[in-house]
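Welcome! Here is a short tour of a structure that may be new to you. Take a look at it first, and then we will walk through some of its features together.

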Amino acid sequence: MESGSVPPGGVLEVLGWRDGHVVAIDQTALPHEVRMLHLTTVDELVDAITRLAIRGAPVLGAAGALGVALAVRQAQQHGWDEAQLAAAVKRIGDARPTAVNLRREAEATAAAIPDGVAAVEAAALATMAATVTATHRMSERGARYLRETCGPEPLRIGTHCNTGSLACLGWGTGLGVIRALNNDGGVRHVIVDETRPLLQGARLTCWELGQLGIEHYLIPDSAGPYLISRGLIDAIVVGADRIAANGDVANKIGTYSLALAARHARIPFLVAVPESTIDPATPDGGRIDVEQRDPDEVTHIQGVPVAPAGTRALNYAFDVTPANLVTAVVTEDRLITSW
Ligand code: MRU
């Protein structure tokens, strides 16, 4: 799909494996252009991940798996030794630190390396297929939970960042829940945080909701808690990049303030994730490696300076919402309401 819309059936081809290379939508070009990337080397894939052309925790997991398939092909072509191949796998896993899916799926796929190139490719493709299936199951479960918790009236749902097909394949995590609910007429409209600094909400979520025909309003990030306090949002639904063993949730910066406001107003704060986002090896949110990105992303919007030259900025890409502010976590396998 080179030209720009969701194909019939509603599933976008965000990331794929064709003739031994990775094909992906360049998410930095959306919503103005659907530009496809053709990535043939680990270097190209790592670059696409670090500049957020490929992004969102489950898609990062799938990209990590496909990256290993690229690495074994390069190893074969260039005669890499075992150490060089292991270094390439590590570089893929380390391309971004917060979404645990990336390293986890890269390492899981690398376990197939002793079985050869075909086995690695099969493992990577299986990871992609499982990622898609998981989004459908968690979406239905999350929609059921919202109907049971909030009642039968169509809901006004707040969301943050982009958690749709672009971030997850399939239906998405948070946006998948919204999509499943909407399929039953359960969505009045969606309130979308713009998601500064890189505007994933404005650029990507609004684009996906438009493609799906779901009514939505874009708001500045700082408006979310006010709208919640005025009773204009019935529930918040987001995804996560990592959930620690105690239930603390790392997600796009700005999620925590929504969770605080949701708790104050006593509305549900639902987090939808694949099981692979829950990390038993991270005991609590304080141990999550929160990515800090280039300050220029804050002082500039889409390359245009918005602060005086020389202004220093802090650019934490994620925040951590304590488990006690999360009403429920929904996955493909279960609904978790206490940890
Ligand atoms: O920096 P990004 O755009 O990769 O951040 C993505 C998010 O924070 C999403 O909310 C998260 O990955 C959860 S679901 C895809």
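How many aromatic pairs does the rule give? The count comes to 0, where rings of Phe, Tyr and Trp (its six-membered ring) pair if their centres lie within 6.5 Å. This is a predicted model, in which local features need pLDDT of at least 70 and side-chain atom pairs count only at pLDDT 80 or more, while totals for chains, interfaces and linings use all residues. Residues are numbered from 1 along each chain as its sequence is written, and side-chain values use heavy atoms, with hydrogens and water left out.

A ring does meet a charge, though: the charged end of K252 sits over the ring of F318, 4.3 Å from its centre (NZ of Lys or CZ of Arg within 6 Å of the ring centre and within 35 degrees of the ring normal).

Now to the nonpolar cores, which are sets of buried Ala, Val, Leu, Ile, Met, Phe, Trp, Tyr and Cys residues joined through side-chain atoms within 4.5 Å; buried means under 20% relative accessible area, with a 1.4 Å probe and protein chains only.

| Core | Size | Members include |
|---|---|---|
| Largest | 49 residues | L15, V22, L45, I49, I54 |
| Another, apart from it | 25 residues | L175, V190, L270, A272 |

The residues listed for the largest core touch the most other members. Helix 2 gives the most to this core, with 13 residues (helices are DSSP runs of H or I, at least four residues, numbered from the N terminus).

Helix 2 covers residues 57-78 and includes A57. A57 is buried, at 4% relative accessible area.

Note on methods: Helix = DSSP H or I, 4+ residues; strand = E, 2+ residues; numbered from the N terminus. Buried < 20%, exposed > 50% of the residue type's maximum accessible area, 1.4 Å probe, protein only. Phe/Tyr/Trp six-rings, centres within 6.5 Å; stacked < 30°, edge-to-face > 60°.
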